[in-house]
Amino acid sequence: MKEKITYGSIDEYIAAFTPEVQDILQTLRKVIQESAPDAKEKISYQMPTFELHGNLVHFAAFKKHIGFYPAPSGIDAFKEEVKEYHKSKGTLQFPLDKPLPYDLISRIVKYRVASNIEKAEAKLKKKS
């Protein structure tokens with residue numbers, strides 16, 4: 001039985017990959033940090049995760065692609081622009097043999113930030 005790997009931090013997660021994939025993951029992390037400066041980093045579902053009033057986005061590296069998980073709303077809002085990427089309900093797959101669309105990723109993250117803040121404010125209004 002293969003032992004399951006657990007990561008304590010995003011740095012640990014990134015260090016587990018080849019230098020080429022590490023570069024992509026570090027750039028992706030930086031783009032997310034710049035797009036959501038108030039978000040906190042954590043590991044959730046054994047993936048690098050950013051949270052702000054709940055989970056914003058997750059990402060993960062695989063053999064042939066980077067998985068980016070901005071929740072279904074983050075994909076629906078950019079339906080036209082994500083058409084060329086393999087996707088499922090809350091997932092986008094960016095092939096490792098092509099440059100990642102960092103500008104698009106940044107806009108999706110900013111959309112998720114605005115959406116999470118809006119939800120948090122609505123919850124607060126209901127309580128008062």
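User: Which residues form one aromatic cluster here?

Analyst: Tyr7, Tyr13 and Phe17 do. Keep in mind that this is a predicted model.

User: How do I read a pair of aromatic rings?

Analyst: A ring pair is described by the distance between the centres and the angle between the planes. Two rings pair if their centres lie within 6.5 Å, and planes over 60 degrees apart count as edge-to-face. The count by this rule is five aromatic pairs. Take phenylalanine 78 and tyrosine 111: the ring centres are 5.8 Å apart and the planes stand at 90°, so this pair is edge-to-face.

User: Which parts of the chain does that pair link?

Analyst: Distant ones. Phenylalanine 78 lies in the loop between helix 3 (71-76) and strand 5 (86-88). Tyrosine 111 belongs to helix 4 (residues 102-127).

User: What is the geometry of the rings of tyrosine 85 and phenylalanine 94?

Analyst: Their centres are 4.9 Å apart and their planes are at 80°, so this pair too is edge-to-face. Here both tyrosine 85 and phenylalanine 94 are buried.

User: Now the strands. How many residues of strand 3 are buried?

Analyst: Six of the seven residues in strand 3 (residues 55-61) are buried, so the rest of the structure largely encloses this strand.

User: Which strands pair with strand 3, and in what sense?

Analyst: Look for bridges between strands, then for the sense of the pairing. Strand 2 (residues 47-51) pairs with strand 3 in the antiparallel sense, over three bridges. Strand 4 (residues 65-69) also pairs with strand 3 in the antiparallel sense, over four bridges.

User: Which residues stand opposite each other?

Analyst: Phenylalanine 50 is opposite valine 57 in strand 3. Phenylalanine 59 is opposite phenylalanine 68 in strand 4.

User: What about the turns that join these strands?

Analyst: Strands 2 and 3 form a hairpin, with three residues between them. In that turn, histidine 53 has a positive phi of about 55°. Strands 3 and 4 form a hairpin with three residues between them as well.

User: What does UniProt list for residues 22-113?

Analyst: An unreviewed UniProt entry lists them as "domain: YdhG-like". Over residues 22-113 the chain is 35% helix and 33% strand. The end C-alpha atoms of that stretch are 25 Å apart.

How values were computed. Residues are numbered from 1 along each chain as its sequence is written. This is a predicted model: local features need pLDDT of at least 70, side-chain atom pairs count only at pLDDT 80 or more; totals for chains, interfaces and linings use all residues. Side-chain values use heavy atoms; hydrogens and water are left out. Rings of Phe, Tyr and Trp (its six-membered ring) pair if their centres lie within 6.5 Å; planes under 30 degrees apart count as stacked, over 60 as edge-to-face and the rest as tilted. Helices (H or I, at least four residues) and strands (E, at least two) are DSSP runs, numbered from the N terminus. Buried means under 20% relative accessible area, exposed over 50%, partly exposed in between (1.4 Å probe, protein chains only). Two strands pair if DSSP finds at least two bridges between them. UniProt positions are given in the numbering used here, feature names are shortened, and annotations may be inferred rather than shown by experiment.
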